[in-house]
Amino acid sequence: MSQPLLEVQQVFKNFGGFAALSGVNIYVNPGERLGLIGPNGSGKTTMINCISGLLTPEKGKIIFEGNDITQMTPHHRARAGIMRTFQIPKPFNSMTVVENLCIPLEYAAEHKTSLSVAEEEARKILTLIGIEALGDLKPTGLTQVDMRKMELARSLAGRPKLLILDEVMAGLSGSEVDEILEILFKLNEQGITIIMIEHVMRAVLGFSKRISVLNTGLNIAEGTPDEILNNPEVEKVYLGE
Amino acid sequence: MVSIDLLLNAVVAGILIGGFYAAVSLGISVVFGLLDIANIAHPLFVITGSYFTFYLNSNFGLDPILVGLILMPLFFVIGNIVYQSYYHFFEKQGAEPLRGLVFFFGVLFLIEVSIIITFGVDYQLVEAAYLGESLNLGIVNVSYRLFIPFLVGVLLTTGLHFFFAKTFYGRAIMGVSQDSLALSLMGADPVRIKSVAFGIGIATASMAGALLVMILPIEPALGREYIGRVFAVAVLGGLGSVKGALFAAIILGIAESLTATYFGAAWSSGVSFGFLLLVLAVRPAGLFGR
Amino acid sequence: MLLFLGAFLITQNFHNQYYYLAAFTVLQYIILSQGWNILGGYTGYVNFGTGAFFGVGAYTSAMIVKTFKIGKSAPFLELPILFIAGGLVAALLGLGLGYLTMRIKGIYFSISTLALAFVTVTIILNIDALGGATGLYIIRPRKIPFFTNYMEFLFLVMVALSIFAVAFARYIENSWIGRGLSAVRDDEDAAECTGVPVLKLKVFATMASSTLMGVAGAAYPYFVTFLEPISTVSLDVGVNSLAMPLIGGTSTWAGPLVGAVLLGIIQQIALVTLSPEYSLLVIGILLVSFVILAPEGIVGLFRKFRASLKK
Amino acid sequence: MKVLHDVSIEMTEGETVILLGTNGNGKSTLIKTIMGIVPPNQGEIIFESEGVQINLVGKKPQEIVNMGITMVPEGRRLFPQLTVEENLYLGAFRREARQNLERNLSYCFEVFPRLGERRTQLAGSMSGGEQQMLALARAIMSSPKILLIDEPSVGLAPILVSQLMTSIKEMKENLNLTVLMTEQNFSQATKIADRGYIIVHGKIEFRGSNVELSGNELVKQYYLGT
């Protein structure tokens with residue numbers, strides 16, 4: 001087995017007196033689809049913030065492609081190929097959808113192209129996601145589903161090696177979930193490694209090759225979707241005892 | 001050589017002035033500290049109170065403190081109106097707080113210019129029999145000109161403190177900016193609560209204005225200096241804490257008084273802004289940043 | 001270039017001094033507004049303390065005039081030196097402001113810029129070498145080759161500077177830098193996570209903004225010939241430099257330009273026909289009305305109007 | 001976005017009803033709609049009190065609270081900078097509740113003695129479990145007839161969840177409440193419920209009694225999507 005694309009080693013993060021992460025380990029191999037689940041407040045989003053660099057852990061290491069990136073700024077990580085979405089979408093509201101995509105194209109994707117080339121690229125990505133018709137709208141006018149698709153498209157515009165999705169399915173209908181899953185499978189086939197944080201079990205179980213379960217800032221289980229489903233520990237955490 | 005006399009007098013003067021600063025800053029502690037509305041024009045409401053007091057005092061011979069009291073209901077209503085329009089134009093629209101700040105910045109200039117046009121730029125002062133007298137306590141000399149504003153300031157602060165701590169409305173005002181949805185789940189109307197709170201904040205300005213014109217002659221641009229003082233007091237005192245504001249105001253009063261005594265009066269008006277800049281620059285990020 | 005040539009021809013043929021003085025003020029505010037807008041409009045950090053940067057530029061320039069007397073030996077070299085020096089010192093102060101943007105934003109940032117202006121006033125008031133409260137006289141050179149008087153030359157230089165300021169703002173706005181600044185204004189976390197070096201851009205914006213303000217200030221001593229801290233550094237400059245872009249529209253370089261020209265002219269008219277108070281009153285009323293009714297400014301109104309015509 | 005599609009639920013006086021389903025399926029939205037926090041695009045919410053039927057749609061949260069319907073919001077939403085006591089007093093803001101203030105206060109301290117010990121502590125500095133107790137107690141302070149509880153167990157250790165459920169049951173019986181609760185923790189919630197609904201993607205997929213809900217296979221089917 002080659003080295004993992006991303007490795008999180010024994011990461012600790014506290015907020016005031018509250019321990020959000022108490023020694024979490026996660027790894028993902030190149031080309032893999034990893035699901036990250038756990039009940040609310042288990043530390044999933046904190047974990048992503050540590051990986052994308054918005055938070056710096058108190059202890060532990062984050063290693064990407066063999067390099068220690070624990071102290072790297074978020075924008076350098078983005079350029080290195082780590083892109084993410086936000087649980088509550090954070091669009092650039094003063095820009096159109098295409099312009100939103102141009103930001104990572106110009107800043108993260110490392111081909112300092114002209115604006116017109118970037119715009120063309122942006123439209124291609126929008127077509128891939130299926131929202132090419134929305135290109136010239138401002139994000140404030142978008143529906144929740146389209147907003148999430150735009151966030152997905154914007155992170156793709158950064159040409160990620162690793163794509164981290166923070167609850168992109170929340171609030172979507174069954175068919176919309178399927179639609180996004182289809183896109184994600186396609187992206188994964190193109191070689192993008194994906195970490196999916198999700199509450200919609202159907203999506204995460206169907207999508208992931210491997211699932212890691214967090215509870216109260218600790219790893220409690222890891223395995224294939226089937227193994228996770230039959231893990232008594234997981235059942236206890238999710239369903240109560 | 002530091003003279004004990006000089007030092008003691010400076011400290012006492014600082015404490016007295018601090019009590020008055022508390023009165024000036026109360027409105028900001030309430031409006032900025034509790035409601036999150038950066039009413040940068042607050043000092044100008046204070047100056048407006050001063051000019052009203054000056055007008056009624058010089059034309060009808062009314063006692064300044066009495067004028068301050070009489071004006072409080074009027075200022076309460078003005079505050080209500082200002083908040084209702086602020087709510088209507090900004091809060092309800094979900095506008096960024098910065099736009100609200102710019103709005104109040106404009107209001108500041110409007111009030112200042114209106115005062116200049118009405119009263120001119122000359123210095124004005126009020127008269128009352130007791131203002132010239134003073135209380136001699138051995139080495140320290142306490143003039144009523146400073147002592148009465150101090151007393152009123154402390155009374156006003158204490159009164160508000162109990163209002164917030166002991167009444168349903170007071171508690172609701174304390175809770176409203178922490179979580180206005182949760183407040184509505186307690187059965188209180190957040191907009192009404194904020195309107196009342198804003199009214200109270202502006203009402204304190206009429207009294208503070210009366211005190212100001214007792215202490216020293218006023219001119220329209222004086223309000224600008226107080227921007228630093230009120231925000232320094234509100235931020236240093238721990239936003240929203242009335243007790244903390246009194247404490248911070250007294251510290252600021254002493255610091256200014258000592259600065260004036262030992263470095264010259266020209267430095268003392270910069271003390272509050274320096275304090276403010278320092279506190280904002282060195283405080284840990286995210287403590288009360290939004 | 002054409003604009004500049006036009007301005008040059010005007011100076012050669014038209015000699016009513018009052019108009020030069022009025023035009024100087026308008027040009028000065030074009031530079032200040034563009035400077036303000038780079039930080040306040042593009043990046044979203046509202047600065048109330050323009051006076052501090054303007055004042056620092058002005059005092060730096062005044063001190064150089066007084067100390068080195070370059071004007072006599074090299075009349076055409078003096079102004080550029082003053083601009084560079086004034087801009088540099090203001091940029092240094094801007095670095096401090098850049099530090100503040102790291103720690104605070106929104107309302108707290110704005111209040112701290114206000115504090116910065118007042119602290120600057122206090123410091124100048126207490127330094128005798130800078131004239132303290134009494135102020136500082138600067139003697140404007142009487143003559144300069146090719147022009148009937150120095151004011152006309154100064155006017156021409158200000159035209160050039162204004163053209164530069166507008167072009168500079170326009171360049172930033174339309175480049176990757178401007179798009180990055182917009183991203184920073186909209187959401188700093190999202191900007192960082194899409195590869196935008198937020199801190200670097202913020203420091204760039206504060207420094208570019210304060211340099212322009214400092215340069216505008218550097219021209220000021222020769223214009224007024226008397227520097228005094230309260231009117232130079234205090235809020236009046238601050239409110240104008242903020243009101244003009246906000247009224248014109250902060251999203252594009254045209255906004256501050258329109259705002260500065262329009263308000264500058266209205267103010268000059270109010271100043272002559274009424275009094276200085278009324279010129280401030282006009283600004284106050286317009287600022288409040290625009291913030292309430294048309295936060296996108298005149299440019300925004302114009303765009304809406306054009307869009308409604310298309311439909 | 002459509003979060004809820006044609007959802008109908010009903011409860012009668014004295015019942016404990018639970019809404020089940022994982023995050024993002026619309027449970028919370030339903031409760032927020034009842035409280036007037038989120039307006040429905042369509043539909044009615046009828047509250048019957050003393051023989052009078054009132055449509056709650058279009059009413060503001062504070063008006064609904066004043067009718068005797070109180071909500072314990074998700075994430076507790078305490079006033080973090082106020083003390084435990086101040087939070088409780090604020091709970092009694094509505095006029096009818098002020099008269100019962102002393103009685104309700106002593107009842108709350110009886111059910112949650114921990115809160116009595118921490119009267120003067122700031123709410124924000126308490127542990128998650130204590131905060132949830134305070135949120136419940138604060139709601140009780142408003143003397144409600146109907147209590148809506150949104151996701152009470154989020155972020156709590158299992159043992160605390162179990163205690164919390166017992167307290168809810170106790171309060172419900174002592175104070176004659178009607179309770180509607182959303183919950184992810186299946187087994188704990190079914191312990192105290194009379195009936196329940198399972199919401200999946202904004203639709204009611206299953207309704208049934210306590211016993212019917214406890215069938216573990218059903219749980220897995222709807223919950224984990226297997």
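I began in chain D, where D:Asn176 lies in the loop between H8 and strand S6 (178–183). This is a predicted model. I looked up the backbone of D:Asn176 and found a positive phi of about 60°, although D:Asn176 is not a glycine. I noted the general rule beside it: most residues other than glycine have a negative phi.

Is D:Asn176 buried or exposed? Its relative accessibility is 61%, so D:Asn176 counts as exposed, the cut-off being over 50%.

I then turned to a second residue of this kind. D:Glu151 is not a glycine either, yet has a positive phi of about 50°. D:Glu151 is found in the loop between strand S5 (146–150) and helix H8 (158–175) of chain D. Is D:Glu151 buried or exposed? With a relative accessible area of 2%, D:Glu151 falls under the 20% cut-off and is therefore buried.

**Entry: the two domains of chain A**

I looked up how chain A is divided. The domain assignment gives domain 1 as 1–81 + 160–241, and domain 2 as 90–159. I wrote down that domain 1 of chain A is formed from two stretches of sequence, with domain 2 of chain A written between them. The C-alpha centres of domain 1 and domain 2 of chain A are 24 Å apart. In the contact, domain 1 of chain A takes part with 19 residues and domain 2 of chain A with 13 residues.

Next I checked the area. About 1400 Å² is buried between domain 1 and domain 2 of chain A, and carbon and sulfur atoms give 67% of that.

I searched the domain interface for charged pairs. The rule finds one salt bridge there. A:Glu179 and A:Lys149 form a salt bridge, with their closest N and O atoms 2.5 Å apart. I also noted three residue pairs in polar contact between the two domains of chain A.

Then I listed the elements on the side of domain 1 of chain A. Helix H2 (74–80), strand S7 (162–166) and helix H6 (174–189) of chain A give two or more residues to it. H6(A) has the largest share, with seven residues. By class, this side of domain 1 of chain A has 12 nonpolar, one polar and six charged residues.

**Entry: chain C against chain B**

I moved on to chains C and B. Chain C brings 39 residues to the contact, and chain B brings 39 residues. The buried area is about 3800 Å², of which carbon and sulfur atoms give 81%. On the chain C side, C:Arg103, C:Ile107 and C:Tyr108 lose the most area to chain B, together 19% of what that side buries.

How many salt bridges does the rule find across the interface of chain C and chain B? I found one salt bridge. The side chains of B:Arg224 and C:Asp236 meet in a salt bridge at 2.9 Å, N to O. Five residue pairs are in polar contact across this interface of chain C and chain B.

I sorted the chain C side by element. Helices H5 (75–103), H6 (106–125), H12 (235–248) and H14 (276–293) of chain C give two or more residues to it. The largest share, 13 residues, comes from H6(C). This side of chain C divides into 27 nonpolar, eight polar and four charged residues.

**Entry: chain B against chain D**

Last, I looked at where chain B meets chain D. Here 19 residues of chain B are in contact with 25 residues of chain D. About 2000 Å² is buried between chain B and chain D, with 71% from carbon and sulfur atoms. B:Phe168, B:Leu185 and B:Met186 supply 38% of what chain B buries against chain D, more than any other three residues.

The rule finds one salt bridge between chain B and chain D. D:Arg77 and B:Asp179 meet through their side chains in a salt bridge, 2.8 Å from N to O. I counted three residue pairs in polar contact between chain B and chain D.

On the chain B side, helix H6 (168–176), helix H7 (180–184) and helix H8 (190–215) each supply at least two residues. H6(B) gives the most, with six residues.

Notes: Residues numbered from 1 in each chain as written. Chains lettered and ligands numbered in written order. Predicted model: local features only at pLDDT ≥ 70, side-chain atom pairs only at ≥ 80, totals over all residues. Heavy atoms only, no water. Domains from an automatic or database assignment. Contact = heavy atoms within 4.5 Å. Buried area = accessible area lost by both parts, 1.4 Å probe. Salt bridge = Lys/Arg side-chain N within 4 Å of Asp/Glu carboxyl O. Polar contact = N/O pair within 3.5 Å; in protein donor to acceptor, adjacent residues only side chain to side chain. Helix = DSSP H or I, 4+ residues; strand = E, 2+ residues; numbered from the N terminus. Nonpolar A, V, L, I, M, F, W, Y, C, P; charged D, E, K, R; others polar. Buried < 20%, exposed > 50% of the residue type's maximum accessible area, 1.4 Å probe, protein only.
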